[in-house]
Amino acid sequence: MKNKGLHLAVVIAALYAMFAGFASSILLEETTLPDSRQILVSGQTVSTGGAGLPVLAQKLANDSSSVIVKQIRDLHDTKIRNLYIATGNENLPQSHWITEGYPRFSQGIQTNTYPVEDLQGKDPRGRYFIFGSDGAEDKVVEEFERVGFSVEEEIPVSSSLGLGILLQGTLSSPTLVTMLLIVVLSGTSAIAQIKRYSVERLHGASKNDVLIHELKDLFKRAFPQVAVLGCVGTFWLHSYNGLNQFVPLAQRVSIIFAIALGLAIAIHATVATLLWDTSILHGLKGRLGFRVAVPVAYLIRVPGILIAVSLVASAFGALQTTQEAAVAKAELNAAGDASAIVFEGRTSPEEMDRLAFESGAWLKNEAKAGRAVLSAPYQLGEKRGDGSIPVLLINNAYLARNEVLAESGERVQQIPESDIRVLMPENSQALRSARLDFIGEFSIDSIAEEKISFESIEQGQKHFRYDPNVAAIGGSLAVADSILIIVGSDSGLIRDDDYMALASDGRVLMTDPVIAAQRTPPELMGNWIAAYVPIAQIAANNYADQKSDLNVKIGSSLVALIVLLSTAVGLARIHVRGNSQTILVRYLHGWSFYSIHRWLIRAELLLLLLVTLWAFGRSTILAIGASSEFTSGVAYESVIVANHWQPWAIAFIAMSNLSILLGLVHVQSKHMFRTHSEETA
């Protein structure tokens with residue numbers, strides 16, 4: 001007799017092994033580089049030891065005989081990442097990525113490789129991957145710490161295994177619920193064979209002989225299908241990525257399948273052993289061993305519904321946070337490639353004074369050419385101490401990138417670089433008052449005063465602030481009805497060293513970091529200017545992380561709901577077959593549906609109550625923990641969002657779960673009555 005339940009469990013084990021191996025390979029590639037040691041470099045003070053990042057990275061690679069890879073996500077496309085490679089050991093395969101390209105596994109993410117020289121002007125902070133001996137990482141960490149950075153070392157991931165992600169990582173929840181599904185199928189497959197076991201016992205067969213025969217039949221029927229699945233999967237992988245990283249993937253799939261197969265056989269054998277001593281008479285009548293079947297069903301069903309509630313609530317929460325991250329990223333799209341200037345943190349005061357005037361003059365020239373944007377908030381009238389008015393200092397490059405409308409509705413035009421113009425959403429009287437305030441604030445002489453003009457602009461306009469400090473904390477970058485002061489680079493309003501000071505505070509930004517790094521004078525690049533950092537990079541990274549997290553949680557939720565559905569199918573079958581005679585008698589006497597199945601309905605309502613109490617308690621504990629001083633604000637917000645969606649998740653799962661279960665009970669009962677099943681005899 002075919003053992004369909006165990007057969008199906010083995011096929012599902014093979015399918016999940018292929019899915020988990022593929023998904024873990026993609027997740028590993030998106031979050032790390034296999035066989036590498038990963039470090040995260042951070043710090044408020046940025047320094048490359050006066051040499052520049054390309055020289056520093058190449059020196060680190062040479063000294064440690066390793067290959068060092070710095071990863072930078074693309075600013076505008078979350079599906080693109082850029083790897084900058086410093087080679088200090090030509091014998092390592094990673095050293096050939098520059099010429100041969102990265103052997104990417106996932107086709108959903110594009111990986112570009114560049115030589116270390118292209119790191120010029122890039123922020124030294126960020127994520128690095130180190131390939132080489134165990135001592136290579138220590139040397140790299142020591143050098144970064146020597147120049148003033150903080151370094152966080154992360155656990156290395158082996159490409160041949162990477163199974164930790166299935167046990168305690170992103171895929172841990174779908175792995176658990178899939179294993180529960182395999183347990184359900186394997187256990188119920190043994191329960192469904194109770195009648196055959198009784199017949200075998202009447203014919204004098206031993207328990208071991210029956211189990212061995214079942215295993216032989218399983219191997220004969222299921223393994224050809226598993227082999228076909230493997231061939232189909234290999235063919236599909238060849239068309240997907242040309243079998244890149246096939247060996248570690250095959251190892252991972254084989255290990256997962258072996259574990260799942262062992263679990264299925266062990267559960268089936270255990271349940272069959274427990275049922276073997278069931279009364280032969282009950283077995284021949286098809287009565288299930290309720291003392292085994294019902295506890296087993298609920299031991300699986302309870303964690304299944306808990307996991308489903310958690311994952312569905314997390315998926316809804318992740319959807320909301322992803323939408324918020326998308327909004328933040330969209331707002332920063334106005335910034336384009338605008339990049340804050342990061343200065344070297346280790347410069348002597350004497351050298352700093354000299355370079356301040358030199359770099360300030362260079363920045364003014366770049367601003368005149370439209371390659372540097374001025375966006376500096378200022379409090380007009382603050383020096384007099386009788387109240388101040390917030391204004392925004394801008395330049396012609398700002399006007400070229402951002403539309404400002406005059407009172408006539410036409411776009412405000414750029415001004416000569418020697419002039420100054422004040423734009424106010426006010427009437428002429430207010431403009432005259434502002435003129436006096438402005439002249440008194442900056443001590444403008446009579447000659448320079450002739451170059452000052454005033455203009456009214458439309459009210460209700462929002463003006464974009466290129467503020468990396470606000471962008472880093474996710475604040476709004478738009479200000480409404482602000483006074484704008486267009487400052488020409490040659491107007492004399494801002495001295496050269498003050499212009500550099502504004503740049504160091506993120507108020508002067510370069511329009512393109514690559515062009516800026518190429519045009520920076522050699523005496524400034526690396527010695528004084530360390531890097532150009534796009535202000536939209538943080539929002540882009542956050543959106544990419546949230547989107548990846550959302551995809552995983554949606555997949556995990558679907559797997560959990562499928563497992564929960566399977567437990568409903570199994571429980572309905574156990575309930576109807578185990579209580580067949582009682583159900584028939586009550587049905588013939590006209591009992592209501594609730595009266596016939598009241599113990600099952602009460603058990604499910606009790607389960608719902610326990611899940612609700614568990615969810616409430618868990619939400620309270622997480623909220624208290626997340627609001628403590630040891631937890632970041634981002635974590636706190638994530639918990640609050642998930643807790644907000646948890647009641648809806650419980651309601652959705654409870655209604656669908658109970659409806660499916662009772663619907664299956666009704667259908668199976670009707671089928672049993674209609675076919676005059678022998679179980680009712």
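**Close-up views of helix α1 and other sites**

**View 1. Helix α1 against helix α9.** In this predicted model, α1 and helix α9 (residues 246-276) pack at an angle of about 150 degrees, with their axes 8 Å apart. That makes α1 roughly antiparallel to α9, since angles over 145 degrees count as roughly antiparallel, those under 35 as roughly parallel, 65 to 115 as roughly perpendicular and the rest as oblique. Axes are lines fitted to C-alpha atoms, for helices over the stretch in contact, and angles run from 0 to 180 degrees between N-to-C directions. The crossing of α1 past α9 is right-handed; a crossing is right-handed if the near helix is turned clockwise from the far one by less than a right angle, and left-handed if anticlockwise. Residues in the contact of α1 with α9 comprise 18 nonpolar, 4 polar and 1 charged. Here Ala, Val, Leu, Ile, Met, Phe, Trp, Tyr, Cys and Pro count as nonpolar, Asp, Glu, Lys and Arg as charged, and the others, Gly among them, as polar. Helices (H or I, at least four residues) and strands (E, at least two) are DSSP runs, numbered from the N terminus.

Residues are numbered from 1 along each chain as its sequence is written. Local features need pLDDT of at least 70 and side-chain atom pairs count only at pLDDT 80 or more, while totals for chains, interfaces and linings use all residues; side-chain values use heavy atoms, with hydrogens and water left out.

**View 2. Helix α1 against helix α8.** Helix α1 (residues 4-31) packs on helix α8 (residues 207-241) at an angle of about 25 degrees, the axes being 9 Å apart. That makes α1 roughly parallel to α8. Their crossing is right-handed. Contact (heavy atoms within 4.5 Å) involves residues including Leu6, Val10, Leu15 and Phe22 of α1 and Leu218, Arg221, Gly233 and Trp236 of α8. By class, the contact of α1 with α8 has 14 nonpolar, 3 polar and 1 charged residues.

**View 3. Helix α1 against helix α6.** The angle between α1 and helix α6 (residues 172-192) is about 160 degrees, and their axes are 7 Å apart. That makes α1 roughly antiparallel to α6. The crossing of α1 past α6 is left-handed. From α1, Gly5, Leu6, Leu8, Ala9, Ile12, Ala13 and Tyr16 meet residues of α6, among them Pro174, Thr178, Leu181 and Ser189. This contact of α1 with α6 divides into 10 nonpolar, 5 polar and no charged residues.

**View 4. The Tyr16 and Phe19 ring pair.** Rings of Phe, Tyr and Trp (its six-membered ring) pair if their centres lie within 6.5 Å; planes under 30 degrees apart count as stacked, over 60 as edge-to-face and the rest as tilted. The count by this rule is 16 aromatic pairs. The ring centres of Tyr16 and Phe19 are 5.7 Å apart and their planes are at 45 degrees, so the pair is tilted. Tyr16 and Phe19 are 3 residues apart in helix α1, and therefore separated by about one helical turn.

**View 5. The loop at Asn89.** Asn89 is in the loop between β3 (80-87) and α3 (97-100). Leaving aside neighbours within four places in sequence, Asn89 is in contact with Ser65, Ser66, Val67 and Ser95.
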